Structures are given as C-alpha cells and as structure tokens.
Amino acid sequence: MSELADLSIAQAARHLRSRKVSAQELTEACIARLSKWRPINAFLWADTEGAMASAKASDRRRRRHSRGPLDGIPVAHKDIFKRAGRIMTVGSIILDQPATETATVLRRLDQAGAIELGCLHTSEFAGGATGHNRHYGTCRNPWNVRRTPGGSSGGSAAALAAGLVFGSLGTDTGGSLRLPAHFCGVAALRPTYGRVSRSGVFPRSWSADVVGPMARTVEDLALLLDAIGGLDPSDATTAPIAMRRNAARLERSVRGICIGVPRNFFYDIVEGDVAKLLDASLQKLRRLGARIVPVNAPDPQIVFDLAQIVAKAEAAAIHEPWLPVRQRDYDRGIVEGMAAGWHVLAVDYLRALRHRGIALQAWLDDVFTNVDVLHTPVYEHPTPTLDACAPSNPDAVAAIMATFGRCTRPFSYLGLPALAVPCGFQSDGMPAAFQLVGRPFDEALLLNVGHLYQQETGWHTRRPEHPSAQNGNRAHRAG
C-alpha cells in the first residue's frame, strides 16, 4: 500500500481517473508512510481523521464529477498559512490564537479537491535555513538524518522526499523553497513576485515573500501552480496578468531556446561534486536542443546586499509587537537576525527599495534580451551536517549561513521566477539541484525546460532509505 505514496501527483491523478485507486487508498498510503518516517520530524501535526473524511468525500464526489487533477490528492503545507479556526504557529510559541480567515492559496486547493493531511515543520517565523527549531524539534533530511534539510520550508521538502505527501506549499524570501529542494532532492518553484496571492500568509518580508509549490516532479509543480496562481482581490500585490495552463505546455520542444550560464559570481566557488552535476545538467539540456551560451550578469553582489537590507528592516517591523517584550520566546539565532533590522537606516531601506526596479531593468536589458533562461547553482557546497549549523555553535553557524542564499537571494530581490530541479547525487549520496531563472511571469518556460530534463534523467524517481537502514554519514538511495 505505501508504494502508492511514491507516485507523482500526475500519476496518482491518472490512477484516480481510471479508478485503479481511490483517494482513501492514497491517503492511507501517506498515513502509513508518516508513521514510519517520524524520525525526520517533518510534520508539526497530522490530521489523519480529517484527511480520511476528505478522501471519502472526494471518492463520492468523483463518481459524479472530478474537480480536476488535484481532486483526491493528499498534500500538507509549511505551517505559515492561516486556516480559519486553527492556530498557525509559524514554528513559534508566540502565535497562539486561532485564525479567523483561510489563506487564499488553501481555499484554492480546497476548491480543487486536494486533501490536507496536516501542517509541516518550519524554522521559527521562516527565519532560519537549517531545520533547527527548539520549540518543535529539529527537522532532518530523509537522505541522511544527520544532514540539514534546509529551510525555512524544510518540512515540505523532507515530507516530499520521504513520500509522506504528494505536494506541498511553502514560502520563499531568499531561497526558502529552492534550498530545501536542493538538499532533499525534490523540485520547487518560486513564482514571479505577484503571481500567487499571499493573503492569509504570515510575512517574513513584505516586498520579497512569494508563495510557491514544491513536489517531486516539475509536472506536479505546474499542476499546483495552475491551482493557486492568479489575481486575488484580497492581495493588492497580485498582478492582473492572466494565468496560463502551465501543465498543458510542458511537452513543447525546447530546441533552439537559449540558456545562459553566468560568467561571473554564480559559478565562482562551486565545489567539485556539485560542479560536475551542474555541468552534466547543461550537457543534457544541450542534447535536448537548447543552446548553452555564456553571459555576463550585472553584479549580483549588489542586489544580494540590497536584499539583505530590505529583509532585515522588514522583519524588524513585522516583529515590532513582540521583539521588545518577548525576546526569550524566540529561538536562538532567529531574534538576532530580526533585531539587526532596528539598525537599518530609513534612507538605506528606501534606497534599497527604489533600486529594485533599476536593477531589474538592467538584468532584463543585459541578460534576458540575450537568453531565454538563466542556469545557476542553487547551493555551491556539500550539504552541511545539522551539528555543524546548530544554533549552539554560533561561529560555525555564521560561516555556513553566509553561504546560504548566495545564488538564490539575488533573484528574490529582483522578483524573478526561479525553478530548482534535482540533477543527481554527490559522492556522499546527498542530492543536488540546478536553478533555472526566467523573465517575469514566464514560469511556463521554466517548467517546460525542467519537465523535459526530468523525463530524460529520472533523478526524481529515486527514494531515500529509511533512517534505520542508513549507515553513518552516508545517505543511501533506493529505486
């Protein structure tokens, strides 16, 4: 039964449509897998009874009419989305009141018939990137429980890699979807800023936060994006740009499209195993018919530094009600980063906001007039151990954290869409991914390229062995 949990959303939807399986069977498979994978601590809590009731309702409904490919599919999300009547923790003990509204993206998934299995682990207030959380325990990487799953959407990535759910939503401010996807061997999409509603989502940084999907395949990302994207009157930052049916455009040939590889910054410090996998991914894309060309990018360090200013200032403002009086209730390492925003000058913050449009235009002129898609690493180094980046070791944490987001945060600042796609395994058995970046609101092309790459490689079909079978620091691969 639990092997059903290894299906993709698209595969499970086809089985549901042909009545080979039921939504109840898919949900039971996830619940069975959940009980076996408790050591990774991906779930904050699971609503198994509610999920089974929703599955039964889906089975009854689909006898008459299906709501689409997500109808009957078990999912779970980072605990950062409001659900009326439920406490949204965001990995903290500070928020303790039930929500009075439901996030737009959850309502849209409800309307699509998805089955919510529970809430997933997150770094406190989406402020960490390693999986540590003293309130709810450490989330662990399914490929090796001694390694970080990334963050702050680490619970989503870990749950997907272990087959606990078929799809998930997370948030990404500087790389919080893409980094966990890289570390856990799954796919993630940071849509264009304004593509997906953030109504009912706890903010980390108002001008950079994006809600996006995470799944084991790029095809599944397209199905999830089609369900959650589009204009929302309750979120004034959503763009009045029509949503394409991304899932219907995945099989288009990529022959002749131009993929740019930056000469500067992004590949400067990539380490051996990761470099080999990135190079192999480019060779595969070339064999699919894409043209691979070098390109010079406007200095990414400038936009990275400006993004840091914005993130610190906005986090301090968001937490102004609690930081002065409840500092002891914050996790170690979280409060320090937010409190740093108190020292950001208003003139520096406003300059950073004003420069965003200027920087975006420079990238569009200098890069995206010459290429269709940009190819970069997600993370340049071996996957850190949880001990190495534990909050109890602040000096080591600072050194490791300085490497996180280097390749992802610049595109968050620019508001561009970015896709993380698994591209193989390092010599220690840990996964790796490459990043594709596109023009504003051109998620369809990124998904198209990523999907065709996955069809040619199959890295996404591999599954980690259970923690009881893992030997030391080496991650094992099943499948």
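**View 1. The residue after helix H5, Gly163.** Helix H5 is followed by Gly163, a residue whose phi is positive, near 80 degrees; helices here are DSSP runs of H or I with at least four residues, strands are runs of E with at least two, and both are numbered from the N terminus. The model is predicted, so that local features need pLDDT of at least 70 and side-chain atom pairs count only at pLDDT 80 or more, while totals for chains, interfaces and linings use all residues. Residues are numbered from 1 along each chain as its sequence is written, and side-chain values use heavy atoms, with hydrogens and water left out.

View 2. Buried means under 20% relative accessible area, exposed over 50% and partly exposed in between, with a 1.4 Å probe and protein chains only. The buried residues of H5 are Gly154, Gly155, Ser156, Ala157, Ala158, Ala159, Leu160 and Ala161.

**View 3. The protein around the helix.** The protein holds 14 helices and 13 strands, and 62% of its 479 residues count as buried. Among contacts (heavy atoms within 4.5 Å) with a separation of 6 or more, residues 24 or more positions apart account for 77%. Along its principal axes, the C-alpha trace spans about 60 × 60 × 50 Å.
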